[in-house]
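Opening the notebook on a new model today.

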Amino acid sequence: MTTRIFGSGIRRREDPRLITGQATYTDDIKLPGTVHAAIKRSIHAHARIKSVDTSAAAAAPGVLAVYTGADTDGVLNPIPCAWVVPDSDVKAVAYPAIAKDVVRYVGDAVAVVVAEDRYQAEDALELIEVDYEPLPVVVNPEEATKDGAPQLHDDAPNNQAFHWVASGGDSDAAFDSPEVVVRDTIIQQKLIPTPMEPRAALATWLPSMGELTLWSTSQNPHICRFVTSLVTGLPEHKIRVIAPEVGGGFGSKIAVYPWEMVTAFCAMKLGRPVKWTETRSENYIATTHGRDHVEHVELAATRDGKITGVRSVVYAGMGAYLSTAAPGIPTILHGLMYCGPYEIPNVKAEVYGVFTNSTPVEAYRGAGRPEATFLLERMIDLLAAELDLDPVEVRRRNLIPKFEDGHDIALGLTYDSGDYQLALDTVLDHVGYQALRREQARLRANNQYMGIGVSTYCEICGIGPSQVAGAVGFGGGLWESAIVRFYATGKANIFVGTSPHGQGEETTFAQILSDELGVDVDDVEVIHGDTDNTPMGWGTYGSRTTVISGAAIALSARKIKDKAKALAAHLLEAAEEDIEYEDGKFFVRGSPDQSKTIQDVALMANVAWNMPEGMEPGLEATTFYDTPNFSFPFGAHVAVVTVDADTGHIELQRYACVDDCGPQINPMIVEGQVHGGVVQGAGQALWEGAVYDENGQLLTGSMMDYALPRAHLVPEIETLSTETPSPHNPLGVKGIGETGTIASTPTIYNAVIDALKPFGVTRLEMPLTPERVWRAIHQQ
Amino acid sequence: MAKIPIQITVNGQVRQFEVDTRLLLVHYLREELGLTGTKIGCDTSQCGACVVHVNGAAVKSCTLLAVQVDGAEITTIEGLASDGGALHPLQEAFWNNHGLQCGYCTSGMIMASVELLQRNPRPTGQEVREGLEGNICRCTGYQNIVKAVLAAAEAMGGQR
């Protein structure tokens with residue numbers, strides 16, 4: 001009896017090239033004749049461009065060309081926003097590849113230099129003279145909506161990018177005369193995603209064929225090709241986009257940016273391969289940010305802690321322009337998740353998307369769900385404090401009871417499956433919750449401040465049904481396709497349209513095929529990332545890759561199994577209905593000796609010497625899979641912190657979590673996703689924040705100033721899981737890439753507030769720096 | 001731009017080049033020698049993606065000029081495995097323990113860890129965390145990196 005490969009934590013098949021330095025990321029590619037682009041970026045957050053003098057730069061050593069907005073205007077179309085949420089008056093303002101008249105954030109492009117090497121290109125940037133007329137600046141999303149605030153776009157009065165309302169039940173009635181109401185203003189600070197690989201692009205142009213090839217650090221090469229076609233005007237089938245090895249994305253590599261388009265433009269103009277690679281400081285000002293909400297929130301409840309309503313008014317900063325998917329994040333992926341894992345009858349989310357003079361905002365790990373989860377978990381802790389109840393008890397009184405096949409919530413979604421109480425019990429048992437509370441009381445008596453934070457969450461991912469995508473204004477489908485192809489030698493390729501970039505699907509996908517057809521994982525290679533040799537797909541984000549591509553692979557494998565069964569029957573001279581399958585072998589029922597392996601069948605199908613009447617040669621199947629529903633993973637997390645009252649220093653002592661993503665294909669990879677996610681969410685709670693001054697200058701413009709989690713700052717994460725399969729997916733699986741980030745920020749935040757209870761501190765802004773904590777303690 | 005001749009031994013091979021005085025070591029390795037396993041992650045010597053060994057010491061190659069290492073012996077990630085291709089115990093341990101996800105920080109992380117184990121052959125988990133403070137990983141939350149380094153220490157027979 002062999003161990004089932006589905007569920008085995010086998011080591012990753014992509015690792016050998018990564019641990020030896022042999023992997024090829026975009027900037028590692030060196031084509032003969034490659035020249036280098038560098039982008040001149042605005043130093044002002046808002047200014048009129050009076051003139052751009054490129055003459056000295058153009059004459060500098062090694063410089064081939066300098067282009068400005070005057071050159072790209074009318075040649076490159078504006079960068080489109082691809083998520084125009086309906087019924088919300090989205091202002092799809094023009095987002096030019098290179099600004100011509102006005103710059104709207106520090107980082108907006110005003111010119112591009114192409115030179116023989118990157119040092120020469122950077123030198124020449126310094127020689128470009130831009131004459132600016134500075135304009136007034138606004139960076140706070142709520143301030144930007146007020147009368148008299150500086151205006152970014154003529155066609156977006158009050159800087160309103162959109163206004164969206166979702167409600168379920170009768171949310172206003174719930175607040176007419178509630179027994180209890182708690183209120184807070186929550187600041188979801190702006191965050192900088194910071195994948196370790198900065199963004200890069202390499203473009204080549206073949207004029208004789210009219211073909212553009214674009215290597216890009218993309219999470220979704222097929223969407224990139226589609227948008228490149230829209231921006232350049234080139235036909236889609238003449239564009240090849242390749243996302244080679246990609247060093248993390250966390251949402252910041254979803255958008256199609258002006259700079260890739262400018263790189264392509266330069267290659268087409270010059271007839272040379274052109275490479276552009278951003279510096280980290282450029283990444284911090286010009287690659288998309290996340291979050292940036294100002295939220296006014298109210299929660300109504302009964303005296304015994306039953307939540308009767310939640311409502312909010314949210315100002316969601318969009319930055320200076322609408323990035324590719326930006327409007328969908330604070331709306332569909334945030335406002336619709338205000339019920340979380342709780343039975344909440346009356347809910348209303350009112351969201352203003354707001355232009356500000358800052359870097360455009362996009363998806364950032366969790367994208368909308370961390371904000372929604374934080375909002376609920378924060379408000380529930382406030383309610384618990386108001387009622388003097390244990391925060392765990394308040395959660396218990398509101399959790400949706402176990403369900404296995406669909407549960408409708410007030411906001412119109414149908415959750416797939418959930419057992420929230422079990423997750424909560426499991427994590428509380430694991431940490432010894434009551435003992436922790438006793439320890440806390442003991443320490444408090446000695447003026448030592450330990451805090452315990454608990455969160456229960458449910459999130460929406462595995463996005464999603466294409467019909468829903470259309471209904472919510474997403475400018476594309478959300479299905480995936482997978483080709484499984486067996487060769488005569490019994491080896492197989494899987495071709496997918498998604499584009500993993502660290503999530504390990506070259507391994508998990510091989511495990512799926514291996515599990516379905518008994519082929520060894522080492523005999524399977526997964527191909528992704530190149531639009532010329534992968535089938536169409538919408539990309540890797542929203543914890544959807546394993547859920548949707550994985551389903552497509554399983555269904556392709558099952559089609560192959562059906563064909564293989566028929567072919568095996570023919571070869572064994574038996575009736576098809578008498579053929580059974582087990583562990584990669586097709587055999588005649590009752591006569592296991594009479595069998596054909598999947599490899600035998602693959603050989604015959606490929607040579608086709610002896611096929612049943614009417615059967616096509618080849619052993620290959622394609623599946624276009626559109627999911628009937630999103631997936632809704634869930635869990636419960638606990639954080640334990642200590643606060644030094646003299647210094648405000650917070651120590652994250654312990655972090656334990658139970659996450660349920662259904663059956664796990666590779667538990668080692670699942671755990672790794674949770675570790676990384678939890679630490680990223682801890683970053684938001686404790687250290688990270690994009691800080692702008694009143695002139696719109698990013699003060700946290702490098703890793704010297706933007707505080708990322710480091711190894712010595714975080715404890716070992718204690719990961720546990722429960723397993724509640726999704727009924728809406730052929731493998732039962734749910735996404736796991738973002739759960740850690742979604743749950744950990746409020747868990748840690750609540751733990752710190754809990755630690756500060758003796759000081760009467762009830763709210764703090766994130767990140768919870770020692771200074772903020774110290775001031776809060778000493779101002780009470 | 002003035003060019004200066006330098007001679008460096010990289011992964012056991014003697015290399016002679018004329019380089020611009022301002023050329024960074026990391027660009028020399030990546031652009032001139034084609035050793036792209038060494039990465040650039042931050043440009044401000046914060047992240048450690050560019051760590052290589054210069055005369056056995058772990059060094060951030062984005063903060064050194066190529067001319068500064070004239071005469072030195074350098075090892076990059078490409079030179080870590082044995083001549084026969086057998087992985088270094090740290091490479092093996094990163095693989096076995098899922099110590100990497102996107103792989104971008106991995107070269108620097110492994111090179112820093114090799115030096116860490118040379119200095120402290122049997123570190124505690126906390127010592128590994130403190131030793132790798134200068135290397136940033138955005139994917140793993142560091143947990144499996146620490147696990148990998150501890151496993152490598154064990155495999156290499158380090159004595160506490």
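This is a predicted model: local features need pLDDT of at least 70, side-chain atom pairs count only at pLDDT 80 or more; totals for chains, interfaces and linings use all residues.

My entries follow, in the order I looked things up.

**Entry 1: chain contact.** I started with chain A against chain B. The contact draws 41 residues from chain B and 41 residues from chain A. On the chain B side, I listed the elements that supply two or more residues: α2 (89-96), α3 (106-119), α4 (125-131) and α5 (143-155). Of these, α2(B) gives the most, with four residues. By type, that side of chain B splits into 18 nonpolar, 17 polar and six charged residues.

**Entry 2: α9 with α18, chain A.** I looked up how helix α9 (residues 369-387) of chain A sits on helix α18 (residues 739-755) of chain A, and got an angle of about 30 degrees with the axes 8 Å apart. That angle makes α9(A) roughly parallel to α18(A). The crossing of α9(A) over α18(A) is right-handed. From α9(A), the contact includes A:Arg369, A:Phe374 and A:Asp381, and from α18(A) it includes A:Ile742, A:Tyr749 and A:Ile753. I sorted the contact residues into seven nonpolar, four polar and four charged.

**Entry 3: α9 with α10, chain A.** Next I took α9(A) against helix α10 (residues 391-398) of chain A. Their axes come within 8 Å and cross at roughly 115 degrees, and α9(A) and α10(A) are therefore roughly perpendicular to each other. This crossing is right-handed too. A:Ile380, A:Asp381, A:Leu383 and A:Ala384 of α9(A) meet A:Pro391, A:Val394 and A:Arg395 of α10(A). I get five nonpolar, no polar and two charged residues here. A:Asp381 turns up in the contacts of α9(A) with both α18(A) and α10(A).

**Entry 4: the core.** Which residues have the most contacts inside the largest nonpolar core? I find A:Val112, A:Val113, A:Ile494, A:Leu513 and A:Val752, in a core of 308 residues. Helix α15 (residues 545-571) of chain A makes the largest share, twelve residues. I then picked A:Val113 and, leaving out residues up to four places away in sequence, found that it touches A:Ala37, A:Ala38, A:Lys40, A:Ala57, A:Val63, A:Val66, A:Ala121, A:Ala124 and A:Leu125.

**Entry 5: A:Thr331.** I found A:Thr331 in the loop between β14 (307-319) and β15 (346-355) of chain A. Is A:Thr331 buried or exposed? A:Thr331 is buried, because 27 other C-beta atoms lie within 10 Å and the cut-off is 20 or more. Beyond four places in sequence, A:Thr331 touches A:Val85, A:Ser88, A:Trp164 and A:Val351.

Entry 6: Most residues other than glycine have a negative phi, and most peptide bonds are trans. I went looking for exceptions. A:Asn159, in the loop between β6 (129-134) and β7 (160-168) of chain A, has phi near 60 degrees, and A:Asn159 is buried, with 26 other C-beta atoms within 10 Å. A:Asp292 has a positive phi of about 65 degrees, lies in strand β13 (residues 290-301) of chain A and counts as buried, with 27 C-beta neighbours inside 10 Å. The peptide bond from A:Met766 to A:Pro767 is cis, with omega near -5 degrees. I placed A:Pro767 in the loop between α18 and α19 (770-779) of chain A.

Definitions and conventions. Residues are numbered from 1 along each chain as its sequence is written. Chains are lettered from A and ligands numbered from 1 in the order in which they are written. Two residues are in contact if their C-beta atoms, placed from the backbone, lie within 7 Å. Ala, Val, Leu, Ile, Met, Phe, Trp, Tyr, Cys and Pro count as nonpolar, Asp, Glu, Lys and Arg as charged, and the others, Gly among them, as polar. Axes are lines fitted to C-alpha atoms, for helices over the stretch in contact, and angles run from 0 to 180 degrees between N-to-C directions. Angles under 35 degrees count as roughly parallel, over 145 as roughly antiparallel, 65 to 115 as roughly perpendicular and the rest as oblique. A crossing is left-handed if the near helix is turned anticlockwise from the far one by less than a right angle, and right-handed if clockwise. A nonpolar core is a set of buried Ala, Val, Leu, Ile, Met, Phe, Trp, Tyr and Cys residues joined through C-beta atoms within 7 Å. A residue is buried if 20 or more other C-beta atoms lie within 10 Å of its own, exposed if 12 or fewer, and partly exposed in between; C-beta atoms are placed from the backbone.
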